[in-house]
2 protein chains.
Amino acid sequence: MERGLLFNQIRQNGDRYLKLVETLISQPSVSATGEGLRDCARLVEGLLEDVGLRVTSYEVGGGGPIILGELNVEAHATLMFYNHYDVQPADPLDRWSSNPFQPTIKDGKIFGRGAADNKGNIAARIAAIDTLLSLLGELPVNIKFLVEGGEEIGSPGLERFVNEHSDILFADGCIWEYGHVSRRGPPVINLGVKGMLYVEVEATGVEYHSSLGGIVENPGWRLVEFLKMVHGVDGRVLVDGFYEDVEEVSDELLEMLDVVRLSDVTPEGISTGPGNVDEKKLLKRLLLEPACNICGLSAGYTGEGAKTSIPSRAVAKLDFRLVPKQDPDKIFQRIESLAAGAGVRIRKIHGYPAARTQPDSYLVHLVADTAREAYGSEPVVLPSGAASGPMYLFTDVLGMPCVSTGVGYAGSNVHGPNENIRIEDFYKGIAHIALIMRYFHSYLR
Amino acid sequence: MERGLLFNQIRQNGDRYLKLVETLISQPSVSATGEGLRDCARLVEGLLEDVGLRVTSYEVGGGGPIILGELNVEAHATLMFYNHYDVQPADPLDRWSSNPFQPTIKDGKIFGRGAADNKGNIAARIAAIDTLLSLLGELPVNIKFLVEGGEEIGSPGLERFVNEHSDILFADGCIWEYGHVSRRGPPVINLGVKGMLYVEVEATGVEYHSSLGGIVENPGWRLVEFLKMVHGVDGRVLVDGFYEDVEEVSDELLEMLDVVRLSDVTPEGISTGPGNVDEKKLLKRLLLEPACNICGLSAGYTGEGAKTSIPSRAVAKLDFRLVPKQDPDKIFQRIESLAAGAGVRIRKIHGYPAARTQPDSYLVHLVADTAREAYGSEPVVLPSGAASGPMYLFTDVLGMPCVSTGVGYAGSNVHGPNENIRIEDFYKGIAHIALIMRYFHSYLR
């Protein structure tokens with residue numbers, strides 16, 4: 001397809017496509033609080049129907065309904081898009097320069113909660129269908145859209161939904177929800193996500209005056225002891241068996257890192273890590289190795305000044321970022337044993353395994369080749385992103401390759417204040433998705 | 001003095017003396033918030049004047065004014081009382097059965113914030129003066145009252161006040177603020193308090209999405225590493241030089257523990273400690289060894305469910321309970337060095353050294369002998385209590401022996417909800433103080 005023609009078509013309809021982003025941002029859809037979720041689901045349904053998809057909505061509990069949109073053109077190939085219409089809470093509101101739910105265009109960017117994550121991508125994919133329909137009269141590939149409403153709270157209900165509806169979810173490949181243009185220019189394409197095990201650890205006791213601290217158990221110290229049994233100074237996870245199923249990173253994956261810069265995948269301000277290791281080691285650690293984070297700690301008195309009490313409760317929230325083959329349930333059991341021995345309780349908040357598509361998949365070639373065409377530069381292809389998501393349901397349960405690409409950029413400030421995308425990236429993203437749909441059948445064998 | 005006569009006099013005026021406690025409880029005086037402090041100071045001044053003391057009030061900053069009351073009968077001996085009129089905050093209010101600032105009598109007890117700590121004791125000491133004046137016509141000893149208004153927030157200003165006014169603070173001995181009747185019956189007399197070093201430890205960083213956790217520093221882990229460098233699994237403090245100035249406990253002090261039971265000095269529910277050691281070892285640990293407590297922990301997200309962020313800040317509040325010869329400033333410097341090496345910041349909230357009066361002091365014999373008479377049972381004499389307080393200003397700066405005795409009991413729930421004293425203990429406490437004043441001159445050599 002002629003590149004000039006494609007971009008011309010997109011720019012001619014640019015304002016209409018931008019309007020899609022604005023409409024979606026204007027409708028709050030905060031899964032953490034439930035605000036506007038159902039209204040946003042209906043809005044997405046309408047937008048999908050407007051470009052010809054047949055839409056069904058499924059209540060799955062715990063988030064907004066899952067929307068399944070289908071456009072069957074009786075092609076031999078079917079492409080799935082995975083997206084989510086829910087967003088993170090917008091607070092702290094005082095750090096936004098504009099109302100997060102009132103889309104604002106400034107300096108060639110569109111600001112608002114969900115601009116990058118994930119409403120801009122929903123809009124770009126809908127716009128790409130519209131563009132192709134205008135240029136070709138009909139789509140050259142069958143389309144399925146799965147748009148969920150609980151991604152930001154761990155995708156509750158999605159696993160069950162996928163297991164129960166695998167028959168209607170068949171596709172030859174899936175374009176994952178997000179992607180961004182790196183700080184030095186090229187688009188970044190992810191072939192995978194890390195897995196996740198999120199746990200809450202709790203040590204309890206009796207709140208005594210801390211003068212008794214010499215002889216009564218302090219849940220705070222018990223928690224610290226446990227945390228030290230989980231995580232070593234070098235960042236290694238010390239839980240017995242944690243690395244047992246981790247496979248050595250193949251030379252093929254390692255070589256992919258040769259063309260990646262740390263600045264392609266991190267926000268500004270990050271240069272070296274705990275061990276002051278070199279860039280490639282950091283990239284390997286970030287993208288291909290598991291990690292464990294303290295996300296929260298609480299115990300006793302935390303106000304100004306002093307209170308002298310043994311806390312009755314000490315809690316830590318930990319996330320474990322997992323790599324392929326690591327089983328979150330098995331690891332949870334190991335941590336549970338360790339916790340029992342250490343006198344602390346542990347509760348699983350959520351978890352799922354990692355997922356990764358092989359670099360030699362037809363879909364990777366398709367997405368990379370079309371990115372080269374849409375963006376006019378060589379894409380950076382990552383074996384995996386650092387982030388997590390329920391991609392295994394598509395790769396492992398439904399058995400389709402998944403590749404991630406999208407309209408964000410390094411300054412999108414996803415989950416933060418002043419979330420935004422650049423309008424030029426949005427247009428290129430539409431072109432990229434249009435080209436993926438256009439050439440899908442010729443890459444699929 | 002005839003015991004029957006003394007108790008008869010106290011019981012005849014019992015309701016009037018109880019009214020003193022009720023009046024003091026009715027006036028809130030929360031030093032943490034400042035609520036009612038000045039009104040309470042004026043109330044105490046009036047009550048001291050009512051029994052003939054000449055009162056001066058000093059603004060020292062940081063708490064309520066320090067009240068100095070004097071009654072000079074030109075005796076050869078002068079007895080000091082140290083008390084405080086400020087109280088802990090009453091919350092959580094929903095755990096009180098009655099209004100904390102509305103004194104309530106039930107089942108022979110009087111309930112209200114400050115009943116035991118320390119308003120009941122102020123009242124008992126004033127009542128004891130009133131009793132002796134009625135029985136003897138005049139006091140046999142000169143009296144000084146120092147009543148401060150900032151004890152519950154670390155006695156800010158008291159050290160400076162004592163240093164600047166040592167000339168007018170002369171006395172031959174001091175009866176310390178509190179004391180209680182043990183669970184098995186006998187009154188407990190403390191010859192000392194532990195020292196205190198209260199610090200806040202802070203690790204800071206940047207709040208990143210926790211997918212970056214493999215390569216960016218997590219202040220939570222840095223804090224945990226530091227805490228492990230401070231405190232060992234066996235409860236020992238690992239800070240270099242922490243025990244350097246701690247002297248071996250003398251046989252004389254150890255022998256004092258032979259007649260003490262754990263239940264004399266602890267609330268219900270405490271039987272064994274971290275090492276499952278025997279009772280005497282626990283008593284030694286509790287009363288004569290230093291300790292370190294986590295009083296508070298906070299970092300990142302602590303609400304329901306999950307948030308996947310590296311916290312930008314992780315904070316711990318620690319108290320170190322010190323024994324004689326340990327210098328809080330020197331120890332703070334050691335911890336500061338350790339903190340600098342570990343990449344965390346440390347701030348001193350407050351601190352003071354321990355204090356202890358020798359068991360062979362005339363004041364100990366006086367307080368023990370009169371306790372025997374007032375309570376009709378053999379008192380338990382402790383070389384030190386487990387708690388802390390600014391006693392060193394009296395023992396070390398002003399150079400007078402200090403002994404602690406008072407009207408609480410094991411169920412007083414000091415600092416907690418439903419704080420109370422038993423009315424019978426209050427009457428016995430009045431008798432005890434009266435006897436101490438009565439025989440002071442004959443013990444002092």
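This is a predicted model: local features need pLDDT of at least 70, side-chain atom pairs count only at pLDDT 80 or more; totals for chains, interfaces and linings use all residues.
Residues are numbered from 1 along each chain as its sequence is written, chains are lettered from A and ligands numbered from 1 in the order in which they are written, and side-chain values use heavy atoms, with hydrogens and water left out.

**Stop one: a loop in chain A.** Select Ala306(A), which sits in the loop between β12 (291-300) and β13 (313-322) of chain A; helices (H or I, at least four residues) and strands (E, at least two) are DSSP runs, numbered from the N terminus. Which residues does Ala306(A) touch, leaving aside those up to four places away in sequence? They are Tyr301(A), Tyr198(B), Ile349(B) and His350(B), where contact means heavy atoms within 4.5 Å. Ala306(A) counts as partly exposed because its relative accessibility is 32%; buried means under 20% relative accessible area, exposed over 50%, and partly exposed in between (1.4 Å probe, protein chains only).

A salt bridge here is a side-chain nitrogen of Lys or Arg within 4 Å of a carboxyl oxygen of Asp or Glu.

**Stop two: a salt-bridge network.** Staying in chain A, select Asp240(A), Glu244(A), Asp245(A), Lys330(A) and Arg334(A), which salt bridges link in a network. Over all chains, the structure holds 54 salt bridges.

**Stop three: two strands in chain B.** Pick Arg313(B) and Glu202(B), joined by a salt bridge with the closest N and O atoms 2.4 Å apart. Arg313(B) lies in strand β13 (residues 313-322) and Glu202(B) in strand β11 (residues 195-204) of chain B, 111 residues apart.

**Last stop: a helix in chain B.** Select Asp39(B) and Arg42(B), a salt bridge with closest N and O atoms 2.8 Å apart. They are separated by about one helical turn, because they lie three residues apart in helix α3 (residues 37-50) of chain B. Arg42(B) is exposed, with a relative accessible area of 51%.
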